[in-house]
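Here is a friendly briefing to keep beside you as you look over the chain. Take a moment with the view first, then read on by topic.

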Amino acid sequence: MVMLREPILHPVPIEELRPTQITVGMREVKAKRKAWRAKAEAEDEKAGEFLGNHMVPAIRGPRGRYYVIDHHHLSLALHEEGVRDILVTTVADLSRLDQDSFWFVMDCHDWMHPFDEDGKRRGYEAIPKSIKDLVDDPYRSLAGELRRHGGYAKDTTPFSEFLWADFLRRRLKRKDVDRDFDHALERSLALAKGREADYLPGWCGSIAE
């Protein structure tokens, strides 16, 4: 495995990027689309600067394909807004590995999250082959909104939002999230401050003396 210490940037067609997870929160994708549209319509220079400041970290895998390990929501949002290319920075080069060895190494480094919209772990083959085929997980949207509303702090733990999504999935019914997202968010804020959530990354509840 070759670990790259310096950021080497490559413009890559978004359609050619490979995901390393199965789901995203589509509400978050829609919010990023709206934010991008505002920049693109306001001034081309701002849009270009935004893309330059949001490089997508990726692993170079078998056949030289780039596997995204962050910014899945942004990549999908830009694709749906008609952006063709995005800058990719290569974190590691695993292109010499066969497919099974590649996924094993990705798993060991926490560079993948093969869990479906029901929170069930799936085989590597269940991960979509394209960014555009990512599936909606409403609990991932809920976890994203929860962080933006101060429910927990941003954390460097890999896939921390998915850990929060799993926590919420076990406590809120899917039909309630789908029917009234704002009310589900209120309930999530209360749950996030409780001691049941204190094991989660970014927890910022109170500790009794």
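Predicted model: local features only at pLDDT ≥ 70, side-chain atom pairs only at ≥ 80, totals over all residues.

R63 sits in the loop that runs between β4 (56–60) and β5 (66–68). Its backbone has a positive phi of about 65°, although R63 is not a glycine.

**Loop residues worth a look**

- R63 counts as exposed, because its relative accessibility is 73% and the cut-off for exposed is over 50%.
- H71 also has a positive phi in a residue other than glycine, with a value near 65°.
- You will find H71 in the loop between β5 and α3, where it is partly exposed at a relative accessible area of 28%.
- R18 belongs to the loop between β2 (9–13) and β3 (23–24).
- Is R18 buried or exposed? With a relative accessible area of 14%, R18 is buried, since buried means under 20%.
- Beyond its neighbours within four places in sequence, R18 touches R65, Y66, Y67, V68 and K129.
- D116 lies in the loop between α4 (99–108) and β7 (135–136), and it is buried with a relative accessible area of 9%.
- Setting aside neighbours within four places in sequence, the contacts of D116 are I22, T23 and R122.
- D116 and G202 are 86 residues apart in sequence, and their C-alpha atoms are 23 Å apart in space.

**Helix α3**

- How many of the 9 residues of helix α3 (residues 72–80) are buried? The count is 7, so the helix is largely enclosed by the rest of the structure.
- The buried residues of α3 are H72, H73, L74, S75, L76, A77 and L78.
- Just after α3 comes G82, which takes a positive phi of about 90°.

**Helix α6**

- In α6, 8 of the 10 residues are buried, so this helix is largely enclosed by the rest of the structure.
- Those buried residues are S160, E161, F162, W164, A165, F167, L168 and R169.
- Which elements do the buried residues of α6 pack against? They pack against β3, α5 and α8 (181–192).
- As a reminder when you look along any helix, an α-helix has 3.6 residues a turn, so residues three or four places apart point the same way.

**The largest pocket**

- The largest pocket has a volume of about 700 Å³.
- It is lined by 31 residues, and those closest to its centre are D70, H71, R140, K154 and E161.
- Elements giving two or more residues to this lining are α1 (26–42), α3, α5 (138–148) and α6 (160–169).
- Which element gives the most to the lining of the largest pocket? That is α1, with 5 residues.
- Sorted by class, the lining of the largest pocket holds 11 nonpolar, 10 polar and 10 charged residues.

**The second largest pocket**

- The second largest pocket holds about 350 Å³ of space.
- Of the 20 residues lining the second largest pocket, H113, F115, F162, L163 and D166 are the closest to its centre.
- Helix α6 supplies the largest share of this lining, with 4 residues.
- The lining of the second largest pocket divides into 9 nonpolar, 3 polar and 8 charged residues.

**The chain as a whole**

- The chain contains 8 helices and 7 strands.
- For 209 residues, a compact globule would have a radius of gyration near 17 Å, and the 18 Å of this chain agrees with that.
- Along the principal axes, the C-alpha atoms fill a box of roughly 50 × 45 × 35 Å.
- Of the 209 residues, 42% count as buried.
- Among contacts with a separation of 6 or more, 74% join residues 24 or more positions apart.
- The chain exposes about 11,600 Å², and carbon and sulfur atoms supply 48% of that area.

How values were computed
Residues numbered from 1 in each chain as written. Heavy atoms only, no water. Buried < 20%, exposed > 50% of the residue type's maximum accessible area, 1.4 Å probe, protein only. Contact = heavy atoms within 4.5 Å. 1 Å grid on protein atoms, 1.4 Å probe; cavity = no way out; pocket = protein on both sides within 12 Å on 5 of 7 lines; lining within 4 Å. Points joined across faces, edges and corners; volume = space filled by probe spheres on them. Nonpolar A, V, L, I, M, F, W, Y, C, P; charged D, E, K, R; others polar. Rg over C-alpha atoms; globule rule 2.2 N^0.38 Å. Areas by Shrake-Rupley, 256 points an atom, 1.4 Å probe, with all protein chains shown as cover.
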